[in-house]
Amino acid sequence: MRTRHDVAGLTSGDATTAETGDWHPVLDTYARGVALMRQLAADDPGSWIWAANTHQFPMGTQHRPGWGQCEHGALLFLPWHRAYLAWFESTVRRLTGDDTWALPYWDYSNSDNPSARHLPVEFTVQKRMVAGESVENPLFSAVRDSRPLMTQNVDIVAALSEPLFVRTFPKAGFGGTDRPGRYFGKVEDKPHNFVHGDIGGDMSLTTMAARDPIFWLHHANIDRLWEVWRGLPGSTALTDGGPGFSLLVSHWRSATFSFGDLRAPTTYTMAEVEDLSSPSMQYQYESLELPAAIDDEVAAARGALVGPGGGGFGLDEFEPSWEPVAATFNLESGEDRDLTFSVAPHGLEAIEPSGLILELAGVRAVRPHAVYVVEIRSSPEAEPHVCGRFSTFGLEGTPEREERNYLVDATSVLPDLLEEGWTGGRLSVRVVPEPGRPDSEDSERGIHVRQVTVYAQTP
Ligand code: C2O
């Protein structure tokens, strides 16, 4: 059994020391492994480019079997990336000869650690010392955003408070929805997508992300959060769900993941992936504990759902019906205008909604802003209510035909809308770039939303 360590305990924490001193052996092996992988030609399955292109590759790259297989906006997001990391680790071990090595993880959400949101210094210095000589640091990237990750983007309370792995559309569980198509599960949305966008550079594109050495520490942490989630009382895996999910369950159970030269691949079955003690995984995390403040918040949020009796959840237990009450318009985010549309013939009086979800479907972009804010108003003259925000990681650089969908839970602003006399007859929706980010003012950027549908929860 190997241990994946928190990088916070491995970093020297000081840039000068990182440039001139010895590194912790785990980071040293990682740097050596990255350098050795980079020395191999792209058509070698042990190479850095092969590893990165297995995730996704830039347009115009000649495709090879086994490349471009990343799972995003899908229930297989977590297991696919877990298998991918295990295969990557085995490459680093083989090339460095360090058989005990395991990836460190970057716990950027650790509210007890003041520097948690900063890149570990070993990734930020251009040079390091190897055998008394100053050499290029393989973990350095010149194209990242150097600012710390934003506090709200590393929030894990929303994801961990969610007890169900999958929820019935239009709600999202920890891992996704029951609807095929690109819908994000809670942990994939945040922190995963937002962290990619905050790091910027290669990390902001699925086609380039795995070329940044920090990618692997980010995903080790996402993988750890899956384990944290599994250990929380009440968490219900897809495979523990009700009969309504049997197709998804059989799809899940039969999934296998293959890497390397596909004539002689390294293959992981779902059963292996789901069990960290299986012979092909053999790792544990240094810690699955949450900072006390986060633990309390998660417990409180879950307690509100479980009720006094405690106990597990059935997958359908919190899924009363959601009626689409409005649909269909095209929205260009670059355009500075509100879109008002009419909704269900009877308005909302007849429904008395207890929840409200907006689905932004068929989202495409050539060069999107990193983060968008969704605002709604009960009438064009009314005050806007911010009902959600989403990260566009994965939109840019993917083929034109590839669309993604975002679910925005607007339930928290429903009381305000109703107080303003909103009857569901019309709703103004705006999708605007989040202010205060490096690209906020760049008018060349924008996204296209094919269809907005509003779902009202009927009791
Ligand atoms: Cu497959 Cu974080 O990306």
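Biologist: Which residues have the most contacts inside the largest nonpolar core?

Modeller: In this predicted model, the largest nonpolar core has 84 residues. Within the largest core, the residues with the most contacts are Tyr-30 and Trp-216.

Biologist: How many degrees lie between the planes of Tyr-30 and Trp-101, and is the pair stacked or edge-to-face?

Modeller: Leaving aside neighbours within four places in sequence, Tyr-30 is in contact with several residues, among them Trp-48, Phe-88, Trp-101 and Trp-216. The rings of Tyr-30 and Trp-101 form an aromatic pair with 5.7 Å from centre to centre. Planes under 30 degrees apart count as stacked, and the angle here is 15°, which makes the pair stacked.

Biologist: How many residues apart in sequence are the parts that the pair of Tyr-30 and Trp-101 ties together?

Modeller: Both Tyr-30 and Trp-101 are buried. Tyr-30 belongs to helix α2 (residues 25-39), whereas Trp-101 lies in the loop between α4 (77-96) and β2 (127-130), so the pair ties together parts of the chain whose separation in sequence is 71 residues.

Biologist: Is the pair of Phe-165 and Trp-226 stacked or tilted?

Modeller: Phe-165 lies in the loop between α5 (157-161) and β4 (166-167), and Trp-226 lies in helix α7 (residues 214-231), so that this pair links distant parts of the chain, 61 residues apart. Both of these residues, Phe-165 and Trp-226, are buried. Their ring centres are 6.4 Å apart and their planes stand at 40°, so the pair is tilted.

Biologist: Which ring does Arg-179 lie over?

Modeller: Charged side chains also sit over rings in this model, and one of them is Lys-190, whose charged end is 6.0 Å from the centre of the ring of Phe-194. Arg-179, in turn, is placed 3.6 Å from a ring centre, over the face of Phe-169.

Biologist: Are helices α3 and α4 roughly parallel or roughly antiparallel to each other?

Modeller: The contact involves residues of α3 including Trp-48, Ala-51 and His-55, and residues of α4 including Trp-80, Tyr-84 and Phe-88. The axes of α3 (residues 48-55) and α4 come within 11 Å and cross at roughly 175°. Since angles over 145 degrees count as roughly antiparallel, the two helices, α3 and α4, are therefore roughly antiparallel.

Technical notes
Residues are numbered from 1 along each chain as its sequence is written. This is a predicted model: local features need pLDDT of at least 70, side-chain atom pairs count only at pLDDT 80 or more; totals for chains, interfaces and linings use all residues. Side-chain values use heavy atoms; hydrogens and water are left out. A nonpolar core is a set of buried Ala, Val, Leu, Ile, Met, Phe, Trp, Tyr and Cys residues joined through side-chain atoms within 4.5 Å. Buried means under 20% relative accessible area, exposed over 50%, partly exposed in between (1.4 Å probe, protein chains only). Contact means heavy atoms within 4.5 Å. Rings of Phe, Tyr and Trp (its six-membered ring) pair if their centres lie within 6.5 Å; planes under 30 degrees apart count as stacked, over 60 as edge-to-face and the rest as tilted. Helices (H or I, at least four residues) and strands (E, at least two) are DSSP runs, numbered from the N terminus. A charge sits over a ring if NZ of Lys or CZ of Arg is within 6 Å of the ring centre and within 35 degrees of the ring normal. Axes are lines fitted to C-alpha atoms, for helices over the stretch in contact, and angles run from 0 to 180 degrees between N-to-C directions. Angles under 35 degrees count as roughly parallel, over 145 as roughly antiparallel, 65 to 115 as roughly perpendicular and the rest as oblique.
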